[in-house]
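Q: I am new to this structure and would like to go through it with you. Could we look at it together?

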Protein chains: 2
Amino acid sequence: MKAAGLVVEYNPFHNGHQYHLDQSLAYTKADLAVGVMSGNFLQRGEPAIVNKWARTRMALEAGVDLIVELPFVHAVQKAEYFAEAAVLLLEELQCDWVCFGSEQGNIQPFMDTYDLLDEHADFINNHAKHFMDEGHSYPKAMALAYGELKHTHPHMLTLDQPNNILGFHYVSAILKNKLSIQPVTIQRTGSGYHDADLPKNSIASATAIRKELTSEGRLEDVARFLPRTSYEILSDYHEEMNTWHTWEMYWPYVKLKLLTTSPDRLKDIYEMKEGLENRLISAAQTSATFLDFMNKVKTKRYTWTRLQRLLTYLLVNITNDCIPQDLKPTYIRVLGFSQKGREYIQSLKKEKGHLLLTRPAASNDPILAIEQRSANVHASVLPPELWQHVQKREYQPPVILP
Amino acid sequence: MKAAGLVVEYNPFHNGHQYHLDQSLAYTKADLAVGVMSGNFLQRGEPAIVNKWARTRMALEAGVDLIVELPFVHAVQKAEYFAEAAVLLLEELQCDWVCFGSEQGNIQPFMDTYDLLDEHADFINNHAKHFMDEGHSYPKAMALAYGELKHTHPHMLTLDQPNNILGFHYVSAILKNKLSIQPVTIQRTGSGYHDADLPKNSIASATAIRKELTSEGRLEDVARFLPRTSYEILSDYHEEMNTWHTWEMYWPYVKLKLLTTSPDRLKDIYEMKEGLENRLISAAQTSATFLDFMNKVKTKRYTWTRLQRLLTYLLVNITNDCIPQDLKPTYIRVLGFSQKGREYIQSLKKEKGHLLLTRPAASNDPILAIEQRSANVHASVLPPELWQHVQKREYQPPVILP
């Protein structure tokens, strides 16, 4: 069986994701699609609007055959780290392709750009350092340094669009680690990644859909951007849990932790550096809401996304020793599968059986222990009985599409 | 001016407290009453049903002239420690008497019992050790050892009633520290300290009043046990905050902290010993509610009260180094006063001016910093804007009765 691998967050699964899935299968002629998905917290340091079980069901209903969890320690990371860990996981899953959407739509510039950057690494580093010294954030400084190089090499990739950047990191991870998985890119259509407003056609960004849902919007208002099955799963989730998960709901936990923990202890948190702990404590003292707080602490250097990731580490209590140096997966955790997905897992067993996690409750892998913690944090905004219910769910079997 | 000192929690201020106040003033013929009051968390490790500012107002309206805060580190403690710190604070406040309610009603047995226990200390310690080895909690073992001594000295105090115990600790603290304050006891009337049901007359225990309010009860149902002013202050509080503070509301914070902190870190918490951290984590994993949790962790040795105090330390992040060895107050913090109370403060200034805390925001006393943390914990169950409002209140002037 030939497998097309996708790196996904599905927050929530919408028509744009459906398009990407269908195009990936059509282009590669793969027998099935395998998704590596972030769990309850996402790459940009946000709680998923609905938990990973609901998002797994949306993916399966839409035609993804197998969903495997990208562990928290790999998922809630800057793009480069996230992309490399995801591709390494798809490689262990013996996928033939990784298919990613991009603004570019053609794979060759990704390959060429990797080679050119490799060749001009010193040029990039020196320029990036220069731009950081001027006060730019790391991603911004890298982008500016890149622009300098592209000036003399115009056929290089346009890297100011988020999906081109992610795609470039997938390709880099493959070339750097000499993986056998092949990169494929699908031209994106419809809305941009960050577009916050709802468009007229049937493809809206997940950002715009979430924004609508979590402000005064109703699910019906975004129905036309969602497959029917996503709509129903979201509807059931909201009926059961009576909420969408947003940062604002977790704010009391963040605030109380900042106001009851010593700066020295806060410094143990991963990525808490350069005196950020004092900055956060001081802002927490004067902020009523998460929005107030973020507006007080964000700067060019401490971007919104970087701060969100930091606050996620704070809540899940991620210290430096939680983060593995080696990005290779230590286990494969299946969140859900279709019948075809089940056959594929069977076919993996011969070579990858030792990695397949069958009884999470019996494992003592420290990376999996963090999954349990993050599930608890994600569920902590639910009423007590539902929280307990979700907590137990963590040890139960994958979602199975009949 | 002659001052009668009272050690109080007023959770909430009810007719029994009014009786005690009136009798104390009548008996001593004092010019005013000075209350040393626990702040937002109480001796038995409970969040106060309404915060210390509302409780201060109730006390002033009822006729207490001056309310001074018993710091968290002294208040949330076993009876012996609590009582000694409170009496030391009343001594610094130059009170002439400490007036406590007791089942006994006569001061002489308290004095005699102190002398007898001093004389027979070895007897008590050996017997208490024996009873603890049999699996009894420390207070229970002390009570049994005491019973053995009383067997041969029948005129000793009956120490199986909570107010006799507290009173005994006040008297002990005075005699041990050779204080000039005089102990006075007022015979209690009406309900027992722990009586959980509402009686027919107008005096109910604070426990019964809280139980009624925090179950399905309405404030009107307990109105007959409260002075009119207490009723109004409670009513205003509930209207503004839309809640009474109960442990069940703080449960999400307790649960999340237990499930995201390593056992090694939990061991840093004051009074977390003998492997309790693992017992708490394990119970938190399987408990939906605070009640479930407490029923799972309590034993004869780890009594409900001891566990509540421990969970309070957990939330306020009280480590061993937070607890001063010396029980003498490092400052006097006035929470509220009447006009007579103001005159009394003026009269204190000559000798005790250095202890009077006038600008809490400018102080860096570590004991006061804990007061701020505990105020944040207490307010953390309120909606974000109200929490912020209460947090600011901590740095504002005392309550003044016009």
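Q: How many bridges join strand S1 of chain B to S2(B)?
A: Six bridges join S1 (residues 3-8) of chain B to S2(B), and the strands run parallel. Helices (H or I, at least four residues) and strands (E, at least two) are DSSP runs, numbered from the N terminus. Two strands pair if DSSP finds at least two bridges between them. The model is a predicted one, in which local features need pLDDT of at least 70, side-chain atom pairs count only at pLDDT 80 or more, and totals for chains, interfaces and linings use all residues. Residues are numbered from 1 along each chain as its sequence is written, while chains are lettered from A and ligands numbered from 1 in the order in which they are written.

Q: Which residue stands opposite Leu32(B)?
A: Ala3(B) stands opposite Leu32(B) in S2(B).

Q: Why is S2 of chain B largely enclosed?
A: Seven of the seven residues of S2(B) (residues 32-38) are buried, so the strand is largely enclosed by the rest of the structure. A residue is buried if 20 or more other C-beta atoms, placed from the backbone, lie within 10 Å of its own. On one side the buried residues are Leu32(B), Val34(B), Val36(B) and Ser38(B), and on the other Ala33(B), Gly35(B) and Met37(B).

Q: And chain A: in what order do the strands of its open sheet come?
A: The order is S5-S4-S1-S2-S3-S6-S7 in chain A, seven strands with mixed pairing. The edge strands, each pairing on one side only, are S5 (182-187) and S7 (399-400) of chain A.

Q: How do S1 and S2 of chain A pair?
A: S1(A) (residues 3-8) and S2(A) (residues 32-38) pair in the parallel sense over six bridges. Val7(A) stands opposite Val36(A) in S2(A).

Q: Changing topic, at what angle do H6 and H7 of chain B cross?
A: The axes of H6(B) (residues 121-133) and H7(B) (residues 138-152) cross at roughly 130° and come within 8 Å. Axes are lines fitted to C-alpha atoms, for helices over the stretch in contact, and angles run from 0 to 180 degrees between N-to-C directions.

Q: Which residues of H6(B) meet H7(B)?
A: Phe123(B), Ile124(B), His127(B), Ala128(B), Phe131(B) and Met132(B) do, and their partners in H7(B) include Tyr138(B) and Leu149(B). Two residues are in contact if their C-beta atoms, placed from the backbone, lie within 7 Å.

Q: How many residues does each chain give to the contact between chains A and B?
A: Chain B gives 18 residues and chain A gives 18 residues. H11(B) supplies the largest share of the chain B side, six residues.

Notes. A residue is buried if 20 or more other C-beta atoms lie within 10 Å of its own, exposed if 12 or fewer, and partly exposed in between; C-beta atoms are placed from the backbone.
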